[in-house]
Amino acid sequence: QVRLVESGGGLVQAGGSLRLSCAAAGRTLINYGVGWFRLVPGLEREFVGAISPTGSLTKYAAHVLGRFTISRDDAKNMVYLEMNSLKPEDTAVYYCAAGTYGMSEYGYDDWGQGTQVTVSS
């Protein structure tokens, strides 16, 4: 089991940037794809993006493509979500998860507790 802890969330104005971090403990992330998801109250958790186990591939949801970037530092057992040009509709709790390189939350077994991102207009 991989224990994941997200950090870096907060309040930012529209157009601003945040970098979320996902720290892993208990097991190396080297053999895991890592996904980022977000949850808005009243809605289903949605896919944001993912990075492959080697870090050579990334994929993103259409609504964040070109604004968000995922990277990983396996030496530090960390994964990052760089978010630029933030919009109020990006407001959500963001989660990282370890598992496959898929877009479905069912492909991920280990989840962090989430970090709140609030974008003001």
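Predicted model: local features only at pLDDT ≥ 70, side-chain atom pairs only at ≥ 80, totals over all residues.
Local features need pLDDT of at least 70 and side-chain atom pairs count only at pLDDT 80 or more, while totals for chains, interfaces and linings use all residues. Residues are numbered from 1 along each chain as its sequence is written, and side-chain values use heavy atoms, with hydrogens and water left out.

User: How many salt bridges does the structure hold?
Analyst: A salt bridge is a side-chain nitrogen of Lys or Arg within 4 Å of a carboxyl oxygen of Asp or Glu. The total for the structure is five.

User: How many residues apart in sequence are the parts that Asp 90 and Arg 38 tie together?
Analyst: The two side chains meet in a salt bridge, 2.9 Å from N to O. Asp 90 lies in the loop between strands S8 (78-83) and S9 (92-99), and Arg 38 in strand S4 (residues 33-39), so the linked parts are 52 residues apart. Strands (E, at least two residues) are DSSP runs, numbered from the N terminus. The value is 52 residues.

User: Is Arg 67, a partner of Asp 90, buried or exposed?
Analyst: The closest N and O atoms of the Arg 67 and Asp 90 salt bridge are 2.7 Å apart. Buried means under 20% relative accessible area, exposed over 50%, partly exposed in between (1.4 Å probe, protein chains only). Arg 67 has 10% relative accessibility, so the class is buried.

User: Which residues are linked with Asp 90 in a network of salt bridges?
Analyst: Asp 90 itself is buried at 1% relative accessibility. Arg 38 is buried too, at 5%. The network joins Asp 90 to Arg 38, Glu 46 and Arg 67.

Conventions. Helix = DSSP H or I, 4+ residues; strand = E, 2+ residues; numbered from the N terminus.
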